[in-house]
Amino acid sequence: MLTSVDPDVIRALSDPLRLQIVTLLARETLCTTHLVEETGAKQTNLSNHLKVLREAGLVETEPCGRFTYYRLRPEVLAELSEQFAALAGSARTAGENKRACP
């Protein structure tokens, strides 16, 4: 059964640009310059979205000279996937569990 879905992770993934960033990072580790090129977003806007993703635990950083690379943390997405799979499993049997009205 679903115990707890981190609301910060859900909120972080709910924004279309952040979801695009996560999709890009699922393919390769990228720096901010690459993400600006890929998304067309302004660097300051992108940095704010990356901060949200970092704070939610979805991405981690790797300094490389004067650049910062971003890498997706797949274990966080795997855990979220397991939690939603458990929720779906619970929902499949929900029709059999009907609470009587008072």
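**Figure 1. Surroundings of threonine 32 in a predicted model.** Threonine 32 is in contact (heavy atoms within 4.5 Å) with Gln43, Leu46, Ser47, Leu50, Thr68 and Tyr70, leaving aside its neighbours within four places in sequence. This residue has its place in helix H3; helices (H or I, at least four residues) and strands (E, at least two) are DSSP runs, numbered from the N terminus. At 14% relative accessibility, threonine 32 counts as buried. Buried means under 20% relative accessible area, exposed over 50%, and partly exposed in between, with a 1.4 Å probe and protein chains only. Residues are numbered from 1 along each chain as its sequence is written. The model is predicted: local features need pLDDT of at least 70, side-chain atom pairs count only at pLDDT 80 or more, and totals for chains, interfaces and linings use all residues, while side-chain values use heavy atoms, with hydrogens and water left out.

**Figure 2. The buried side of helix H3.** Thr32, Leu35 and Thr39 are buried in H3. These residues lie on the same side of H3, because they cover an arc of only 60° around the axis, the arc being that of the directions from the helix axis to the C-beta atoms. The packing partners of the buried residues of H3 are H2, strand E1 (30-31), helix H4 (43-55) and strand E3 (67-72).

**Figure 3. Helix H2 against helix H3.** Two packed helices are described by the angle between their axes and the distance between the axes. For helix H2 (residues 16-25) and helix H3 (residues 32-39), the axes come within 11 Å and cross at roughly 115°. Axes are lines fitted to C-alpha atoms, for helices over the stretch in contact, and angles run from 0 to 180 degrees between N-to-C directions. The crossing of H2 past H3 is right-handed; a crossing is left-handed if the near helix is turned anticlockwise from the far one by less than a right angle, and right-handed if clockwise. From H2, the residues Leu17, Gln20, Ile21, Leu24 and Leu25 meet Leu35, Glu38 and Thr39 of H3. By class, the contact of H2 with H3 has five nonpolar, two polar and one charged residues. Ala, Val, Leu, Ile, Met, Phe, Trp, Tyr, Cys and Pro count as nonpolar, Asp, Glu, Lys and Arg as charged, and the others, Gly among them, as polar.

**Figure 4. Tyrosine 69 and its contacts.** Tyrosine 69 has its place in strand E3 and is partly exposed, with a relative accessible area of 23%. Not counting residues up to four places away in sequence, tyrosine 69 touches Thr29, Leu30, Cys31, His34, Glu60, Thr61, Glu62 and Cys64. Valine 59 is 10 residues from tyrosine 69 along the chain, and their C-alpha atoms are separated by 10.0 Å.

Figure 5. Proline 63 is found in strand E2 (residues 59-64) and is exposed, its relative accessible area being 67%. From proline 63 to cysteine 31 the C-alpha to C-alpha distance is 9.4 Å, with the two residues 32 apart in sequence. Glutamate 55 lies in helix H4 and counts as exposed at 58% relative accessibility. Glutamate 55 and valine 76 are 21 residues apart in sequence, and 12 Å apart in space, C-alpha to C-alpha.

**Figure 6. Context for the close-ups.** The protein has five helices and three strands, which run α-α-β-α-α-β-β-α from the N terminus on. The radius of gyration of the protein is 18 Å, well over the 13 Å that the globule rule gives for 102 residues, so the protein is more spread out than a compact globule. This radius is taken over C-alpha atoms, and the globule rule is 2.2 Å times the number of residues to the power 0.38. The C-alpha trace spans about 65 × 20 × 20 Å along its principal axes.
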